Amino acid sequence: MTAMPPARGCGNAPVLKERGQREVFCGLTGIIWLHRKMQDAFFLVVGSRTCAHLLQSAAGVMIFAEPRFATAILEETDLAGLADAQDELDREVARLLSRRPDIRQLFLVGSCPSEVIKLDLGKAAERLSARHAPHVRVLNYSGSGIETTFTEGEDACLAAMVPALPKTQARELLLVGALPDVVEDQALALLDGLGIGPVRCLPARRADDIPAIGPETVFALTQPFLGETHAALIRHGARHIAAPMPFGEEGTTAWLAAIAREFGVDAERFEAVTAAPRARARKAVEAATRTLSGKRIFFFPDSQLEIPLARFLTRECGMEAVEVGQPFIHSEIAGPDLALLPEGPVISEGQDVDRQIDRAREARADLTVCGLGLANPLEAEGLTTKWAIELVFTPVHFYEQAGDLAELFARPLRRRAALKLEAA
Ligand code: SF4
């Protein structure tokens, strides 16, 4: 049931720590997938026109029917008095909630502008919660680009929810991380097949299904970027089941095996439940492996998924990792994947973008995974790139998505090969 570590893994590999300029989206981006997951939540960004533009362009085609997020724009003039700004926020929230009785959870999301930083959104959330309880719970977190990168917005959001969760003494498994419903259902079906339950999810799809936590709660992360949430859950008495992330056949099996061990599931049952989906996943990955095998990959730090993805691509798809950059490396969360990642790549944490671009240029990997801002210039220099943001928007977890995950990396390589053929 356990994934075999390589003779020498990256568990104790030196980490190149970089603290320079970075090229990453801010945490507001998380609202794009969080608002689709939490069906009765609303995200009110307290920010500037830049924030509104970011959300609009990032959400773009994804807005349908009534949107579940908006931006309350603070102008310089609002600074005339912070008390006025608080009053304005209260009025804005009251207007929103009277128009939208379907909203059960409201998140006030902070951003970078100095006028927003001066506003105490924690106090505002407390005040508004008291005013609109019990129908609406108001919480706050920061999605500011100064404090958060890209996927850290989800982490900040979930961490803000933890102190408000009800308490329980029941032994329950909590799955932590926003997954598309169809993918979450697959995980729940596998766990049910193993006889593990009750299982709750954070975030829950609706406010009425919000999980409770307590000393008998054990939790498994489905996303590797949830360091603050991990810490908050532990502070509230829950215990973490450390495991590789459920990407690919091997990662999913190792993740399930760690939970199965915790719940005392026997080996025969584990085999009976996982054998067929494992075989399907291996077969699906095989198709892409023909393109990926022997190719070199370089990861810029963007999504925090880099280490588990490098583990999947090297061990299951035959790729060679040259550099694996991650914005932050949380040893308890990244440790199980690092231990399985074969020795060799530079493991870097944080970013000094110019220096990293130089290393990417020198490495000239077959595939470079990076943010949108870097992809075009690197493509112009003849490098083949993959946008990190796609990895967060595409269902990639667990057995049934393993083939799609491998295919996400194979496609740009095939496209580049086809272009070369055409040009020849
Ligand atoms: Fe820009 Fe900051 Fe607003 Fe993000 S939060 S869009 S980085 S101003």
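Helices here are DSSP runs of H or I with at least four residues, strands are runs of E with at least two, and both are numbered from the N terminus. Before going on, note that this is a predicted model, in which local features need pLDDT of at least 70, side-chain atom pairs count only at pLDDT 80 or more, and totals for chains, interfaces and linings use all residues. Residues are numbered from 1 along each chain as its sequence is written.

Where does α10 bend? The bend, about 45°, is at Thr 274, and Pro 277 follows within four residues. A bend is the angle between axes fitted to the seven residues ending at a residue and the seven starting there. Both Thr 274 and Pro 277 are among the buried residues of α10. Buried means that 20 or more other C-beta atoms lie within 10 Å of a residue's own, exposed means 12 or fewer, and partly exposed is in between, with C-beta atoms placed from the backbone. The cover over the buried residues of α10 includes α7, α9, α11 and α16.

Now look at Asp 337, in helix α12 (residues 331–340). Asp 337 counts as buried because it has 28 C-beta neighbours inside 10 Å. Leaving aside residues up to four places away in sequence, Asp 337 touches Pro 244, Met 245, Ile 307, Pro 308 and Arg 311; contact means C-beta atoms, placed from the backbone, within 7 Å.

The loops hold some backbone details. Most residues other than glycine have a negative phi, and most peptide bonds are trans. Gln 304, however, has a positive phi near 75°, and lies in the loop between β10 (296–299) and α11. Is Gln 304 buried or exposed? Gln 304 counts as buried because 27 C-beta neighbours lie inside 10 Å. Arg 364 also has a positive phi, near 40°, but counts as partly exposed because its C-beta neighbours inside 10 Å number 14. A cis peptide bond joins Ala 133 to Pro 134, with omega near 0°, and another links Leu 202 and Pro 203, with omega about 5°.

Terms used
Two residues are in contact if their C-beta atoms, placed from the backbone, lie within 7 Å.
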